[in-house]
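Reader: I have this one open for the first time. Can you walk me through it?
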Amino acid sequence: MSETSRWDVHRPVLLEETMAMLRVVSGGTYMDGTFGLGGHTREILKRSAPEGKVIAFDWDEEAIRLGLENVEPYRNRLTVIQRNFKEIDQGLQEAGVAEVDGILIDIGLSSLQLDAEGRGFSFRRNEPLDMRMDRRRPLTAAQIVGESSERELADLFYYYGDEKQSRRIAARIVEERKTNPIEQTEQLAQIVYTAIPKKFHPPRIHVATKVFQALRIAVNDELANLGEILKKAGDHLVTGGRLCVISFHSLEDRIVKRALNNSTRLNVITKKPVVPGSVEVAENPRARSGRLRVAERFA
Ligand SMILES: C[S@@+](CC[C@H](N)C(=O)[O-])C[C@H]1O[C@@H](n2cnc3c(N)ncnc32)[C@H](O)[C@@H]1O
């Protein structure tokens, strides 16, 4: 894919709304916990010119490499750290920054990760069941599928994927793996397809969507990471600084809502989440489930 076309297809979710909520000003210092393809970072750097800075985190080496190309004109005001955003204390310390004027977390997968070959996030291609966003981490989806008990798998699909057919799928996986190790995306998608009776196949999404989502959340320990950053972010904001969190499914949104409501450092700004308008959804269907919640550090 050429530079221009990659940038053309990449649309940061809720971009205008996030910039307004972060209240990006000239000369401010901001943390982007999920650099991805650099879409939000680029806009923050543009709006905080000429002196503003961004400290960006991402744990995916490939995302960082491609994202950096997208922010090239602003490179001198950007520090990128390949770390889990939950390591905010160490990351900001390394960057020599104690407090920032705003923090953005745009969780989930980037379109790059979903579309990239060989990462195992999609059931639309046949590839190894990997799903690690950070390939330095040891645990892959194939290991979870191969080594978890039937009960553990059923719980994982039910709680992380909201998959009502979780027990049937787990039973089929355990049966199948007695004779065939389950190591490829297509193999797993096929097992899910046959495990769920036709009358329970969902009408609008692929039958394996929820199972793949659940495995991705487990492989990357996504909910625990989210919980950690929500706990620590307030410590690194200046008074009046804002934390903006964009999430993509109800499980995450509930965690964000609860953490912001219970925070001893942050006041909730968005009683209801900000959601994309119809124009954004029409232009970028992947944005449709995005929800932005915002809280502000008080003294
Ligand atoms: C939805 S994308 C961000 C897109 C970005 N806002 C943009 O406009 O290009 C999410 C990114 O966050 C990264 N990510 C997810 N969880 C992370 C974590 N715990 N620590 C660091 N990076 C994480 C992923 O690797 C991915 O690149």
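Author: A term to begin with: a nonpolar core is a set of buried Ala, Val, Leu, Ile, Met, Phe, Trp, Tyr and Cys residues joined through C-beta atoms within 7 Å. A residue is buried if 20 or more other C-beta atoms lie within 10 Å of its own, exposed if 12 or fewer, and partly exposed in between, with C-beta atoms placed from the backbone. This is a predicted model, where local features need pLDDT of at least 70, side-chain atom pairs count only at pLDDT 80 or more, and totals for chains, interfaces and linings use all residues. Residues are numbered from 1 along each chain as its sequence is written.

Reader: What is the mean pLDDT of the protein?
Author: The mean is 94, and 97% of the residues reach 70 or more. pLDDT is the predictor's confidence in each residue, from 0 to 100.

Reader: Where does pLDDT stay under 50?
Author: Over residues 1-5.

Reader: Ok, cores. How many residues has the largest nonpolar core?
Author: That core has 47 residues, and Ile103, Leu243 and Cys244 have the most contacts inside it. Strand β5 (residues 237-247) supplies the largest share, five residues. Strands (E, at least two residues) and helices (H or I, at least four) are DSSP runs, numbered from the N terminus.

Reader: Which residues is isoleucine 103 in contact with?
Author: Beyond its neighbours within four places in sequence, Ile103 contacts Met31, Gly33, Ala233, His236, Leu237 and Leu243. Contact means that the C-beta atoms, placed from the backbone, lie within 7 Å. Another core lies apart from the largest one; it has 31 residues, including Ala142 and Ile169.

Reader: Switching to helix α10. Which of its residues are buried?
Author: In α10 (residues 185-195) they are Thr185, Leu188, Ala189, Ile191, Val192 and Ala195. They sit on the same side of α10, because they cover an arc of only 160 degrees around the axis. The arc is that of the directions from the helix axis to the C-beta atoms.

Reader: What do they pack against?
Author: Against α7 (141-147), α9 (166-179) and α11 (209-219).

Reader: Why does alanine 195 count as buried?
Author: Because alanine 195 has 22 C-beta neighbours inside 10 Å. Leaving aside neighbours within four places in sequence, Ala195 is in contact with Gln165, Arg168, Ile169 and Arg172.

Reader: Last one, how many residues surround the ligand?
Author: 21 residues, the closest being Pro12, Thr34, Gly36, Gly39 and Asp60. A residue is near the molecule if its C-beta atom, placed from the backbone, lies within 6 Å of it.

Notes
Two residues are in contact if their C-beta atoms, placed from the backbone, lie within 7 Å.
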